[in-house]
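Have the viewer open as you read.

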Amino acid sequence: MSQHDDIEYQLDTLAIRTGHTRSFEGEHSEPIFLTSSFVYENAAEAAAKFSGAEPGNIYSRFTNPTVAMFETRLAALEGSERAVATSSGMAAIMAVAMSFLKAGDHVICSRAVFGSTVSLFEKYVAKFNVAVTFVDLTDLTAWQDAIRPETRLLFVESPSNPLAEVADIQALSDLAHANDALLAIDNSFCTPILQRPLQFGADLVIYSATKYLDGQGRALGGAVVGNHKLLEEIFGYVRTTGPSMSPFNAWVFLKGLETLRLRMKAHSESAQKIAEWLVAHPKVEKVYFAGLTDHVGHELAAKQQTGFGGIVSFEVKGEREGAWKVMLSQQLPIQQQRLMVSFLLKQKQQRKMSMILSVTFLMD
Ligand SMILES: *Cc1c(COP(=O)(O)O)cnc(C)c1O
């Protein structure tokens, strides 16, 4: 058995076994605790649990056994101390902002991030007098130049969407720590299967569980992962303000995690084939995928990631008309049981259209 197989088996075992707290019924599958709150034998027990003197379930805004199972399993896959689940990926990002920033602070964020992340910083977090500077993901000098004495958070999504640019996580974490700031990575596209940013010095990893952790389009959720000290802050914020994950959704994500490694492997393999097929296609002008050896981020992605993921984007000849035609025809080279193709049109500076194609394999 090679070392690689060994790691895969470890991940598969963790994904199925970790976090399962069996109830007195001895059920096989994880129980769903659809309950708002819990009951106690007596007032003394209630008082001890409410005060934190005794561990235990209190109220599902911050203690729910099914949600805790998901948190434990995700933290194990990440190789981290702790995870806190949230109601969505955006709620996870907001939790990071509200937990670690205060009026007068400054954030540096990579320009190519999820659209709502831009609005979150520019429109909502800005109301609390927190400034944000957007920089190019790969331009380390731009990150350095953007640093101010009041910079407290560096936020990055890597590989970026749609151009698959890759951030040097180690270099950004060194920069953050030299300036008393935290580095948070939105790892939704790689998942802990393909990239574990904490290994490269990141402080916080953020997930939209809605994407690959579920992988089957069923539920909205998110999570923040990191060490106990930082996650205690996130926990306090979620406990107090309430963007908590539903126990039912946590159960869906638990099931999603069980098949995550197999799915991420399938995504990466399909994306590689599609990217190579697109490169050879006469009507395709340019393909953006870090799995292609001539992509600028290829080497860095190969160092930081164990696979290149499932997001491929490309430009077709014939501008908008051409792009729409491809979208309508959806002629893809790989057979799939069910294909979720999400196309996004991006108006680029040269008025060319680029297309983002995300291919999701489903297990059913
Ligand atoms: C979807 C997404 C989010 C937001 O997550 P929701 O679960 O939709 O709130 C954040 N980051 C990335 C990279 C995403 O793709």
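## Ground rules

This is a predicted model, so local features need pLDDT of at least 70, side-chain atom pairs count only at pLDDT 80 or more, and totals for chains, interfaces and linings use all residues. Residues are numbered from 1 along each chain as its sequence is written.

Helices (H or I, at least four residues) and strands (E, at least two) are DSSP runs, numbered from the N terminus.

## The α4 and α5 pair

Two packed helices are described by the angle between their axes and the distance between the axes. Helix α4 spans residues 89-100, helix α5 spans residues 115-124, and they pack at about 30° with axes 11 Å apart. That makes α4 roughly parallel to α5. Angles under 35 degrees count as roughly parallel, over 145 as roughly antiparallel, 65 to 115 as roughly perpendicular and the rest as oblique. The axes are lines fitted to C-alpha atoms, for helices over the stretch in contact, and angles run from 0 to 180 degrees between N-to-C directions.

The crossing of α4 and α5 is right-handed (the near helix is turned clockwise from the far one by less than a right angle). On the α4 side, the contact uses Met-90, Ile-93, Met-94 and Ala-97, while α5 brings Ser-116, Thr-117 and Leu-120. Contact here calls for C-beta atoms, placed from the backbone, within 7 Å. By type, the contact residues split into 5 nonpolar, 2 polar and no charged. In that scheme Ala, Val, Leu, Ile, Met, Phe, Trp, Tyr, Cys and Pro are nonpolar, Asp, Glu, Lys and Arg are charged, and the others, Gly among them, are polar.

Strand β2 (residues 106-110) is mostly covered, with 4 of its 5 residues buried. Buried takes 20 or more other C-beta atoms within 10 Å of a residue's own, exposed takes 12 or fewer, and partly exposed is in between, with C-beta atoms placed from the backbone.

β2 runs parallel to strand β3 (residues 131-135), and 5 bridges join them; pairing needs at least two DSSP bridges. Ser-110 sits opposite Val-135 in β3.

Which residues are worth a click in the loops? Asn-129, in the loop between α5 and β3, has a positive phi of about 60° without being a glycine. Asn-129 is exposed, with 11 other C-beta atoms within 10 Å.

The loop between β4 (151-157) and α7 (169-178) holds Pro-159, and the Ser-158 to Pro-159 peptide bond is cis, with omega near 0°. Ala-164 is also placed between β4 and α7. Ala-164, not a glycine either, has a positive phi of about 55°, and Ala-164 is buried, with 29 other C-beta atoms within 10 Å.

Key: Contact = placed C-beta atoms within 7 Å.
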